[in-house]
Amino acid sequence: MKLTSSFVALVALIPFAVAQSAEWGQCGGIGWTGSTTCVAGTVCTVLNSYYSQCLPGSNAPPPPSPTSSTPASPPTSTVGAPAPSGSGLHALAKSKGKLYFGTATDNSELSDQPYVAILSNSQEFGQLTPANSMKWDATEPSRGQFTFANGDTIANLAKKNGQLLRGEIEIGFFVILSTSVRLIHRLHVGHNCVWYNQLPSWVSNSGFNAATLTSVIQTHCNSWDVVNEPFNDDGTWRTDVFYNTLGTSYVSIALQAARTADPNAKLYINDYNIEGPGAKSTAMQNLIKSLKSQGVPLDGVGLQCHFIVGEVPSGLQQNIQAFANLGVEVAITELDIRMTLPSTPALLAQQQKDYQTVISACEAVEGCVGVTVWDYTDKYSWVPNTFSGQGDACPWDANLQKKAAYNGIVAGFGA
């Protein structure tokens, strides 16, 4: 995120200006040794006991304490209210009755120790999602030959931190209680089972008949990985090797295989552009109704929520409620809110509001069980490599500093 500051062009004031923290910069918290004052136009705001940030507003001296003849007024703020002292986003989500607030991560990022330190803070993140290490091409590159090394690394990290491990797209969360992480991965391939993308060629170009492909799905989807992105945006079924060979039955085949392998796993279907009312959302709701009427096991639906600043779909809360009314859990599984670069104060302020809107929608629906951001920092966001000229989509910036978006999340939980 681009940081801007305004310096007074007077020699006598240069040392003072240099010592000040820039807009959106850190200005306090336990262990902080930098500046505790902010540039003009911003105020040092306590977010929690570990982090204070320079946020837009007046940094004029506070007014005198009220006298007995002047009743005190309640404080007001134009930014999200800070989280309770000493807590983070996961702790806040739990206090509001949710199961978790989490983040995606990937193996290539785990050599970045400052990044891992924040990632491992179980007060901020109570759940981790492996971004790529549990996908089909990573876990079964050749038929029947499974490899779990990268997946084990993230599973071990989650276990060490006391965090949930969630299959990124198609399955719910799974608390790592087993004494054998290897066993967990043998039972839970874990990222996505039937997805049209990132398939090894032995699956996508195999020419398997229906019986053989059914067996392949049952072998690979032997627990809590189910179905990802089955629909086109107009609500029609996506044509891929699974649909072309098995029709719509591949969904129930995968779900039933997962339930057979582990009756305690949470089974989800996940997709994008189903967050607001529309043809694709209706198609997903109809699929859920059909599966449940057939007795096919399904516990939840995941809404990816890859949004653009200023374009959060209207009717988000109502749509979450509509899914919950079908008797399934709802999870926000891949949240980020990107903008056209460079970022500006106006875009960052709107992003803060948009994060608040999304979190508020989940918080208001009892059946919305948790939220996962698609990596917590712009440093490792997938957005710039996918959407040219766009980025700054995450609650932390590329320097691992909290942005105004963090305040939006806090405010969305009603803190």
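Predicted model: local features only at pLDDT ≥ 70, side-chain atom pairs only at ≥ 80, totals over all residues.
Me: Why are α13 and α15 called roughly parallel?
Reply: Helix α13 (residues 345–364) and helix α15 (residues 404–412) pack at an angle of about 25 degrees. Angles under 35 degrees count as roughly parallel, and α13 and α15 are therefore given that description. Their axes lie 7 Å apart, and α13 passes α15 in a right-handed crossing.

Me: Which residues of α13 and α15 meet?
Reply: From α13 come Leu 348, Gln 351, Gln 352, Tyr 355, Gln 356, Ile 359, Ser 360 and Glu 363. In α15 they meet Ala 404, Ala 405, Asn 407, Gly 408, Ile 409, Ala 411 and Gly 412. The residues of this contact divide into seven nonpolar, seven polar and one charged. Gly counts as polar, so Gly 408 and Gly 412 belong with the polar residues.

Me: What makes α15 largely enclosed by the rest of the structure?
Reply: Buried means under 20% relative accessible area. Nine of the nine residues of α15 are buried, so the helix is largely enclosed. The buried residues of α15 include Tyr 406 and Val 410. After α15 comes Gly 414, with a positive phi near 80 degrees.

Me: How do you know that α11 and α12 are roughly parallel?
Reply: Helix α11 (residues 279–293) and helix α12 (residues 316–324) pack at about 15 degrees, with their axes 10 Å apart. The limit for roughly parallel is an angle under 35 degrees, and α11 and α12 therefore qualify. Their crossing is right-handed. Ser 281, Met 284, Gln 285 and Ile 288 of α11 meet Asn 319, Ala 322 and Phe 323 of α12. That contact comprises four nonpolar residues, three polar and no charged.

Me: What is the packing of α12 and α13?
Reply: α12 and α13 pack at an angle of about 35 degrees, with their axes 9 Å apart. α12 passes α13 in a right-handed crossing. Leu 316, Gln 317 and Ile 320 of α12 make the contact with Val 358, Ala 361, Cys 362 and Ala 364 of α13. Six of the contact residues are nonpolar, one is polar and none is charged.

Me: Which residues touch the most other members of the largest nonpolar core?
Reply: The largest nonpolar core has 74 residues, and those touching the most other members are Phe 101, Ile 269, Met 284, Val 301, Phe 323, Leu 335 and Tyr 376. Another core, of five residues, lies apart from it and includes Leu 164, Tyr 268, Ala 331 and Val 369.

Definitions and conventions. Residues numbered from 1 in each chain as written. Heavy atoms only, no water. Core = buried A, V, L, I, M, F, W, Y, C linked by side-chain atoms within 4.5 Å. Buried < 20%, exposed > 50% of the residue type's maximum accessible area, 1.4 Å probe, protein only. Axes fitted to C-alpha atoms, helices over the stretch in contact; angles between N-to-C directions. Helix = DSSP H or I, 4+ residues; strand = E, 2+ residues; numbered from the N terminus. Parallel < 35°, antiparallel > 145°, perpendicular 65-115°, else oblique. Left-handed = near helix turned anticlockwise from the far one by under 90°. Contact = heavy atoms within 4.5 Å.
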